[in-house]
Amino acid sequence: MTEDPATRVSRRFVLGGLAACGAGAAWAEAPLSSLRPVARAGLAGAPVNAPVAADLIASARLTGDVGFVVADAATGEVLEARDGGRPMPPASTSKVITSLYALAHLGAPHRFATRLIATGPVSGGRVEGDLVLAGGGDPELSTDDLGDMVAALAAAGIREVGGRFLVWGGALPYLEAIDVSQPDWLGYNPAVCGLNLNFNRVNFVWKREGSGYNVGMDARAARFAPEVHSATVKVADRAGPIYTYRNGGAVEEWTVARGALGKEGSRWLPVRRPDLYAGDVFHTLARAQGVALAAPEAAGAVPQGTVVVQRESRELVMILRDMMKYSTNMTAEAVGMAASLRRGATSHVASGHEMAAWLGAEAGTTTARFADHSGLVGASRISAEDMVQVLVRLGRGAGIQGLMKPVKFKDSKGRRIADPKVKVVAKTGTLNFVSTLAGYVTPPQGRELAFAIFTGDIARRDAVPEAQRERPEGSRAWIGRSRRLQQELIQRWMAVYAA
């Protein structure tokens, strides 16, 4: 099991691919064990005698801890809980909090601007000075977007730059990796700065040719796929490790074990110098459209000059919707840090502290501790009780339900229930031996519920050797049992509380 649920691969394909009134009493009096339910209509409309939650947990055979809270989403009245006050890793459910944090500080209509700035006058199609590609923290900037910016530059009649071509990523503090304990080659753990591209991933491609391999790096998007020169890869005659990485400054150097390669394939690898990566790609695209530039250099200060091209991102609310859907870690870090800059925080460590402080002030939480904004770092903690308090006090008013994905249910035989009578939207979270779910249950009639389910075997997670962290033995089965338990608990709550 990986740190990112979108990456589950074999060794070979490791390369491929509350209302405030009365709230205190409600939370203090949460039952410590499940109540015996009465028979009510179940998820698929058939009468059920909902099992006791303790029995469901026992049947799941999960090592580690299970904590959950379910509450009335309108009043905050806690209906059922188990170890709800225990702080646990939230994994990617922390993106719910990051979304609320970003919306509160930046606003739903906020757009991130990426600019081309000329530091001198433009005369006869020539910039008499430097041209600066200046990032504004856009987490979704793509190669296609850079291609469009080049086209706009050319359409403005600019064909030559007399000075340097600079890139500036200082709009956000630089972070070399979201979680430094992760292996170098995990694509969902890239660098973050103010100038990001393709979620700060480069595409490594390989194909067998005779007794060797043709390998390369590109920055492919829907319309453009330029070759990348700021990252290189070589095939090494060794059994392992599969990858080695060296940050050479201007060029990131990778090697890959020949024994791990098949006939052909591709894999997204993380980028550690996103500013230079974006500059490299822009330089290639510019040359293809007849715009002459020098090789990119990193700018050390905020650029001053005339904006000749500006590209704006989608509105923040749309960015957050996709972040929640695809659980993109880099997006969470960028929008979380952008929000913290409004509060005066200038580092990622300070940003996590600021988000926790804001949450405590706005939602009354006491257990939140954030080491990041994405949930990738296992040191982050929050209790199920506090997570539900966030959903009740902040989530509904901010429309967070609209950013969450529908939860699909299966029957006892594993078949998809095509038209369940209940709508469940939630955010999942997955780390090695950690599985979390937080969201809302809305029945056709009756009260809406807010819930959080946190499961985790922290000791087992911490014991996983680095070489096995993408898919440690037993984690996939453990997470599968946790997810089944999550569904069974929701089905129980529907039968007992939602009618």
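Guide: Let's start with a word we'll need: a residue is buried if its relative accessible area is under 20%, exposed if over 50%, and partly exposed in between, using a 1.4 Å probe and protein chains only. F451, at 0% relative accessibility, therefore counts as buried, and W493, also at 0%, counts as buried too. A quick heads-up: this is a predicted model, where local features need pLDDT of at least 70, side-chain atom pairs count only at 80 or more, and totals for chains, interfaces and linings use all residues. Residues are numbered from 1 along each chain as its sequence is written, and side-chain values use heavy atoms, leaving out hydrogens and water.

Now the rings. Those of Phe, Tyr and Trp (its six-membered ring) pair if their centres lie within 6.5 Å; planes under 30 degrees apart are stacked, over 60 edge-to-face, and the rest tilted. The whole structure has nine such pairs. One of them is Y243 with W254, edge-to-face, with 6.0 Å between centres and 80° between planes. Y243 lies in strand β15 (residues 243-247) and W254 in strand β16 (residues 252-257), so this pair ties together parts 11 residues apart in sequence. Strands are DSSP runs of E, at least two residues, and helices are runs of H or I, at least four, numbered from the N terminus. Both Y243 and W254 are buried.

Back to F451 and W493: their ring centres are 6.0 Å apart and their planes at 50°, so that pair is tilted. F451 is in strand β24 (residues 449-456) and W493 in helix α11 (residues 475-497), 42 residues apart. Finally, W185, Y243, Y245 and W254 form one aromatic cluster.
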